Each structure stands twice: as structure tokens, then as C-alpha cells.
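Let's take a walk through this model, one contact at a time. Have the sequence and the coordinates open while you read.

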Amino acid sequence: MRLNELSDNDGAVKKRHRVGRGIGSGKGKTGGRGVKGQKSRSGVAIKGFEGGQMPLHMRLPKRGFNKPNRLAFAEVTLARLQAAIDAGKLDAANGVTEDALVAAGLVRRKKDGIRLIATGELSAKVALEVTGASKAAVAAVEKAGGTVTLPAKADAE
């Protein structure tokens, strides 16, 4: 076999169909778009339009409830916390605050606060200051000899 004998397998390369290149091509003049009207023009966006009839996505019933003032927390797992301490990004000897977690790159931004999730293991003794934490996460941190400080909740009246 020589270099000039190399070729692709049959059907491996399909030529692009060039639309609007003369009547002899079979896709000339209107380019397969039909005749006149909005869809034959460029820049058409009629995604859910059904000719004036109420579109399907508007006819179907809506389900559930989306709380407009729900708090969005950035989540940090115990495993990622331990990995950051092992990598030297976080200093476990000093207190770990939310700003320290952002600076270490564990979360991109604080959002409405940072919440600690009990996924993975934590072996380092660390004092954490976060907005929220699951009960299992608090138990895991205290088992490792650390503490979790949460902000005091305002009493509901």
C-alpha cells in the first residue's frame, strides 16, 4: 500500500449539500424552503407558535409552587473541605469562615450563605463559621474534634 492509494471508507465522508446554487442542483431558486411567507425568509423564530391557537405549553396546567424569596445557599461537602485542608488551601488551625472558603476556591460566591453538607469524611480538627449545616455534618465535625458556629436564628413572633 502506498500513500497515493489511501482513501476513506465508502460513506465515511458525505459532501455538504449546497443550497441555492442553480436549478440543476435540485435545490436551487427557493432552496427547499417552498414559496413565499414568513418561513421562507431568514431570521424566523416561531418556536411555540400555533397559528393563533393557544400554544400547547400555555394550555397545559402548571404544577407546584416556586417560592419567590427562597434562599439559595452555596454548598460545601465535608469531603471537599478535607481535600482543601490536605492541599493546604485552608488553614484548619485558624477558624474557617465563609470568606476563607471563597478565597480557597471551594465555592465561587457566598450567595445567601454557605451550607455544610455531610458527604464524605472529615478527619481534621477545624472551627467552622457558616450560615447553615446539616445535623449529620455538625455531628461529623464535632466527632473530628472541631466546632460549627451558626448564626443565631431570629425568634419568630
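E50 and R59 make a salt bridge, with their closest N and O atoms 2.8 Å apart. The term here stands for a side-chain nitrogen of Lys or Arg within 4 Å of a carboxyl oxygen of Asp or Glu. In general, side chains of opposite charge can pair when their charged atoms come close. Before going further, some ground rules: this is a predicted model, where local features need pLDDT of at least 70, side-chain atom pairs count only at pLDDT 80 or more, and totals for chains, interfaces and linings use all residues. Residues are numbered from 1 along each chain as its sequence is written, and side-chain values use heavy atoms, with hydrogens and water left out.

Back to the pair. E50 counts as partly exposed because its relative accessibility is 31%, and R59 is partly exposed too, with a relative accessible area of 45%. For the cut-offs, buried is under 20% relative accessible area, exposed is over 50%, and partly exposed is in between (1.4 Å probe, protein chains only).

How many salt bridges does a search of the whole structure find? It finds 2. The other one joins K110 to D99, with the closest N and O atoms 2.9 Å apart. This pair links distant parts of the chain: K110 is in the loop between α3 (98-104) and β2, D99 is in helix α3, and they are 11 residues apart. Helices (H or I, at least four residues) and strands (E, at least two) are DSSP runs here, numbered from the N terminus. K110 is partly exposed, given its relative accessible area of 33%.

Stay in that loop for a moment, as K111 lies there as well. Its phi is positive, near 55 degrees, in a residue other than glycine. K111 counts as exposed because its relative accessibility is 54%. K29 also has a positive phi, of about 50 degrees, although it is not a glycine. You'll find K29 in the segment before α1 (56-59), and with 81% relative accessibility it counts as exposed.

Now for the sheet. 3 strands form an open sheet in the order β1-β2-β4, with parallel pairing. Why is one side of β1 and of β4 left without a neighbour in the sheet? Both stand at the edges, each with a single partner strand, so there is nothing in the sheet on that side. Helix α2 packs on the sheet and touches β1 and β2, its direction making about 70 degrees with that of β1. Axes are lines fitted to C-alpha atoms, for helices over the stretch in contact, and angles run from 0 to 180 degrees between N-to-C directions.

Strands of a sheet pair through backbone hydrogen bonds, either parallel or antiparallel. Two strands count as paired if DSSP finds at least two bridges between them. β1 (residues 74-77) and β2 (residues 114-117) pair in the parallel sense over 4 bridges. A74 stands opposite I114 in β2, and E75 has R115 as its bridge partner. On the other pairing, β2 and β4 are parallel over 2 bridges, with L116 partnered by A133 in β4.

β1 has a covered face, A74 and V76, and an uncovered one, E75 and T77.

Leaving aside neighbours within four places in sequence, L81 is in contact (heavy atoms within 4.5 Å) with V76, L90, L101, L106, L116, L122 and L128.

Finish at helix α4 (residues 135-143), where A137, V138 and V141 are buried. They sit on the same side of α4 because they cover an arc of only 100 degrees around the axis, taken from the directions from the helix axis to the C-beta atoms. On the other side of α4, K135 and K143 are exposed. The buried residues of α4 pack against α2 (78-87), β2, β3 (127-129), β4 (132-133) and β5 (147-149). After α4 comes G145, with a positive phi near 100 degrees.
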